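Dear colleague,

Please find the structure below, handed over for your use. My notes on it follow directly after.

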Amino acid sequence: MSFLLETKNLSKRFVKHLDLAARMARKIGAEVQEEIVQAVDRVDLCINQGEVVGLVGESGCGKSTFGRMITGILPPSEGTIHYRGKDISNAASPEGRSAALKIQMIFQDPFASLNPRMRVRDIVGEAPKIHGLLDGRSQDDYVASMLEKVGLEASYASRYPHQFSGGQRQRLGVARALAVQPEFLVCDEAVAALDVSIQAQVLNLFMDLREQLNLTYLFISHDLSVVEHISNRVQIMYLGRVVESASTEELFKEPNHPYTQALLNEVPRLDLRKRNYTPVSGEIPSPLDPPSGCHFHPRCPHATSKCRNEMPVLKEIAPGRASACFLNESS
Amino acid sequence: MPESTLDVRHLRTHFFTRDGVAKAVEDISFSLGSGEVLGLVGESGSGKTVTGFSILGLVDAPGKVVGGEILFKGRDLLKLSEEEMRKVRGNQLAMVFQDPMMTLNPVLRIDTQMIEAIQAHQNLGKVAARELARDALGKVGIASPDERLRAYPHQFSGGMRQRVAIAIALLNKPDLIIADEPTTALDVTIQGQILHEVQRLCRETGTSLIWITHDLAVVAGLAERICVMYAGRIVEAGSVDEVLDRPLHPYSKGLIESVPSHNQRGMRLNQIPGMTPSLLSLPEGCAFRTRCPKADEACAGMPSVQKAEGGRHVFCHHPHREAA
């Protein structure tokens, strides 16, 4: 069976090149090195048609970078992305360009992601016009139908973004993404900036649209309760690597990786009252200087000398479940 | 019953803008005992931050506290002069903000800032003040506080900065800390660490705490009592268990039911229709009635505070009755 989207060994390195002074200093023997951040480290991900996959991690774990590579905003340093069996790793290739239209992104900040000087008509209608998707209809009719799809009034088309509330703007972002008739949506923290009651509305919108338009989602978030609700499968990332991947049900019932366990423990829940918080110790390490071996070992309660020296690989521990931890080998 | 640390009565804070008067806080009352943790919950624009600012006397023009009393250990803070208020603020009464950089000066070292805060309120020498600062850093879980004292704020991570801000709030052993969304900008594991420290410190020192947040789940694990705010008013108040398990006000009920973990996975979430109205154009009567499933003609008239069992208050014409 072929997947809708498949990444293999997908990596992204950001390199801060040395400036002239540093290069000269190095020539005369100073120990200056280029700063390299391995933002995403060999991530494999397969997504089936119609699936919702949650990508969870804390800040700096590379989840947004991963989403940006899939949408073609950032070129990958290594590895491949296949969409419907075609290699789209090169965003400038014909395959890459046609896939870029089918894969759309919804951003976190509904205030920064809309051009404040464009009217809604142009924000939503510009891309379909350029790509010739209006099929005879006028732009106004098309924009009106998109606005209705996301629960906004068609009469809003001549307004500017500042005339909308946060939740409405996020709906505009969705309308803009839907306007080019995508098959796949990458939602990067799409509800993180919204109030609880508005968040519920936008999540419902995502679920409705998925049914109506047969969409597939990659749902990037740090909020486990949101991901638990909307996803079929979840991948947990820590400092650029996937540490665990499982179906939502299994992951939340029986987290395998110590980091996943810690995350699940930390999530505040409505039904846990007056609890004693028992936090994982330590900070999230800087991706500039990640720990050796397993990235989580300085914070892990079960770390051994093997964890410090060797890097665990993501291994299948049960059908459809994978975890990158040495603890699974000993037992 | 012990005397309450803070007693807010009929507080009203209005903002006089060009487009009209925004009643950011309208007639709210609550009290807080010694060592108690109160959760003040609401969505953006509900007036929860302005409530905190009003208590500390930090409301700037065009805003103004136009009525009510804020009794802090028996003294009405609203009647104090600015000079007297300065002696209370940062001393017996401290605030932690959402963004720690609002507390910290980016161009001063941590020790300079902390010693300044101590010497403003206590007659202590520099060496003694420094020792106090170091102990405070250690208390909030910062490793090697001696070295960290000499660092600048930009050398800390977000979570560490928030710890420093909390340490500064603790310096003069306040009786009350007002924490305004202090963990909202932090990662889950870091939030857990901060909640752990705050909980421990409140238990150890008997400091009262007002925790302002939009996140019901955080309050559920931390607070004893909870006040839910909507459009400038407290619509429901009571113990955490009572309010979260058996909400009386349709807004609190809707808010709790829209939390994903409260819903069956993959099913549509229960949502509150519509959006928060602008404070400048609130509906007549109950501000929630345009979004409320139980609203009728009576709701066009202003509801009154109704008392329910267990010391609960609800501001509604048609509160949910206990499930029969």
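Of the 63 residues in the largest nonpolar core, B:Met114, B:Leu209, B:Trp211 and B:Leu216 touch the most other members. A nonpolar core here is a set of buried Ala, Val, Leu, Ile, Met, Phe, Trp, Tyr and Cys residues joined through side-chain atoms within 4.5 Å; buried means under 20% relative accessible area, exposed over 50%, and partly exposed in between (1.4 Å probe, protein chains only). The helix that gives the most to this core is H6(B), with seven residues. Helices (H or I, at least four residues) and strands (E, at least two) are DSSP runs, numbered from the N terminus. A second, separate core of 41 residues includes A:Met146, A:Tyr156, A:Met207 and A:Leu215.

Please note that this is a predicted model, in which local features need pLDDT of at least 70 and side-chain atom pairs count only at pLDDT 80 or more, while totals for chains, interfaces and linings use all residues. Residues are numbered from 1 along each chain as its sequence is written, chains are lettered from A and ligands numbered from 1 in the order in which they are written, and side-chain values use heavy atoms, with hydrogens and water left out.

Strand S7 of chain B deserves a description of its own. Five of its five residues are buried, and S7(B) is thus mostly covered. B:Leu176, B:Ile178 and B:Asp180 point one way from this strand, and B:Ile177 and B:Ala179 point the other way. In a regular strand the side chains alternate between the two faces of the sheet. S7(B) runs parallel to strand S6 (residues 93-96) of chain B, to which four bridges join it; DSSP must find at least two bridges between two strands for them to pair. Within that pairing, B:Met95 stands opposite B:Ile178. Five bridges join S7(B) to strand S8 (residues 208-213) of chain B, again in parallel, and there B:Asp180 stands opposite B:Ile212. Together with helix H7 (residues 188-205) of chain B, S7(B) and S8(B) make a right-handed β-α-β unit. Right-handed means that, with the strands pointing away from the viewer, the path from the first strand over the helix to the second runs clockwise.

The loop between helix H6 (158-170) and strand S7 (176-180) of chain B holds B:Asn172, which counts as buried at 7% relative accessibility. Its side chain makes a polar contact with the side chain of B:Gln122 at 2.7 Å, and a polar atom of the B:Asn172 side chain lies 3.4 Å from the backbone oxygen of B:Ala117. A polar contact is a pair of N or O atoms within 3.5 Å; within protein, one must be able to donate a hydrogen and the other to accept it, and residues adjacent in sequence count only if both atoms are side-chain atoms.

In chain A, A:Gln104 lies in strand S6 (residues 103-106) and counts as buried at 18% relative accessibility. A polar atom of its side chain lies 3.4 Å from the backbone oxygen of A:Leu101. Six of the eight residues of helix H2 (residues 63-70) of chain A are buried, so this helix is largely enclosed by the rest of the structure.

Some backbone geometry may also interest you. Most residues other than glycine have a negative phi, and most peptide bonds are trans. A:Asn9, in strand S1 (residues 5-16) of chain A, has a positive phi of about 50° and is partly exposed, with a relative accessible area of 41%. A:Glu189 also has a positive phi, near 50°, but counts as buried at 6% relative accessibility. A cis peptide bond joins B:Ala61 and B:Pro62, with omega of about 5°.

Finally, which cysteine sulfur is closest to that of A:Cys307? It belongs to A:Cys294, at 6.0 Å, which is too far for a bond.

With kind regards

Note on methods:
Disulfide = S-S within 2.5 Å.
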